[in-house]
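Thanks for coming, everyone. Please have a look at the sequence and the structure as I put them up. Then we will go through the spaces and the helices.

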Amino acid sequence: MNMLIKTFISNPKKLLLLDASGALLSAFLLGVVLVKINTVVGIPVSALYILAIIPCFFVVFDLFAISRKNEQLGRYLRIIGALNLMYCITSIVFVIIHSDSIEVLGWVYILSELIIVITLAGVEFYVSGKVKMGTINS
């Protein structure tokens with residue numbers, strides 16, 4: 001893990017690319033796969049679509065940030081980290097609202113996604129601090 005963090009510090013665009021890839025995967029899983037197996041996960045289709053739309057915006061933001069100059073990457077990492085945390089809060093609100101209908105597979109998916117996204121946001125904040133301090137090499 002330490003080696004991975006060092007890689008992201010030396011090339012923060014790789015972290016933005018990872019974020020974009022994860023957001024794309026989340027959008028696909030929520031908006032296509034879980035919708036198809038809705039009865040097994042128990043999350044209403046409307047909630048799945050709303051949760052799937054949000055990561056689509058993150059993909060656009062990440063790709064925009066990747067195209068920018070290196071001096072600005074710390075700021076973009078802080079923004080996407082904050083957006084990821086807000087997405088987690090939104091997911092938690094949906095879980096609370098629909099907790100009576102969510103099945104075990106739905107809980108597994110949501111909790112797994114929350115753990116991954118919160119961890120990613122933490123790495124983004126950490127790397128943004130290193131980039132801000134001028135430790136970026138690329």
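Let me start with a term. A cavity is a set of grid points where a 1.4 Å probe fits but cannot get out, and a lining residue has an atom within 4 Å of such a point. One general idea sits behind that: rolling a probe the size of a water molecule over the atoms shows where empty space is left. And keep in mind that this is a predicted model.

So, which residues line the largest cavity? They are I43, L51, S91, F94, V95, H98, I102 and I110. Its volume is about 40 Å³. The structure has one cavity of 30 Å³ or more. Helix α5 gives the most to this lining, with three residues. Six of the lining residues are nonpolar and two are polar. None is charged.

Now the open space. How much space lies in the largest pocket? About 440 Å³. Its lining has 24 residues. Nearest the centre are G22, S26, I116, V117 and L120. By type, the pocket lining divides into 17 nonpolar, five polar and two charged residues.

Next, α2. This helix has 25 residues. From first C-alpha to last, α2 reaches 35 Å, close to the 36 Å expected at 1.5 Å a residue. Where does α2 bend? At L29, by about 35 degrees.

Look at which residues of α2 are buried. P12, L15, L16, D19, A20 and A23 are among them. Further along, so are S26, A27, L30, G31, L34 and V35.

A23 is in α2. Its relative accessibility is 6%, and buried means under 20%, so A23 counts as buried. What lies across from it in the sequence? A23 and I54 are 31 residues apart in sequence, yet 8.6 Å apart in space, C-alpha to C-alpha.

D19 is another buried residue of α2. Which residue does the D19 side chain meet in a polar contact of 2.7 Å? The side chain of N84. N84 is found in helix α5. Is N84 buried or exposed? Buried, because its relative accessibility is 5%.

Also in α5 is M86. M86 counts as partly exposed, because its relative accessibility is 47%. M86 and I118 are 32 residues apart in sequence. In space, their C-alpha atoms are 10.0 Å apart.

Last stop, α6. G122 is in that helix. At 37% relative accessibility, G122 counts as partly exposed. G122 and L85 are 37 residues apart in sequence and 9.2 Å apart in space, C-alpha to C-alpha.

To recap the spaces: the largest cavity is about 40 Å³, and the largest pocket is about 440 Å³. For α2, remember the bend at L29 and the D19 contact with N84. That is my tour.

Conventions
Residues are numbered from 1 along each chain as its sequence is written. This is a predicted model: local features need pLDDT of at least 70, side-chain atom pairs count only at pLDDT 80 or more; totals for chains, interfaces and linings use all residues. Side-chain values use heavy atoms; hydrogens and water are left out. On a 1 Å grid over the protein atoms alone, a cavity is a set of points where a 1.4 Å probe fits but cannot get out, and a pocket is an open set with protein on both sides within 12 Å along at least five of seven lines; lining residues have an atom within 4 Å of a point. Grid points are joined across faces, edges and corners, and a volume is the space filled by probe spheres set on the points. Ala, Val, Leu, Ile, Met, Phe, Trp, Tyr, Cys and Pro count as nonpolar, Asp, Glu, Lys and Arg as charged, and the others, Gly among them, as polar. Helices (H or I, at least four residues) and strands (E, at least two) are DSSP runs, numbered from the N terminus. The expected span of a helix is 1.5 Å times one less than its number of residues. The bend at a residue is the angle between axes fitted to the seven residues ending there and the seven starting there. Buried means under 20% relative accessible area, exposed over 50%, partly exposed in between (1.4 Å probe, protein chains only). A polar contact is a pair of N or O atoms within 3.5 Å; within protein, one must be able to donate a hydrogen and the other to accept it, and residues adjacent in sequence count only if both atoms are side-chain atoms.
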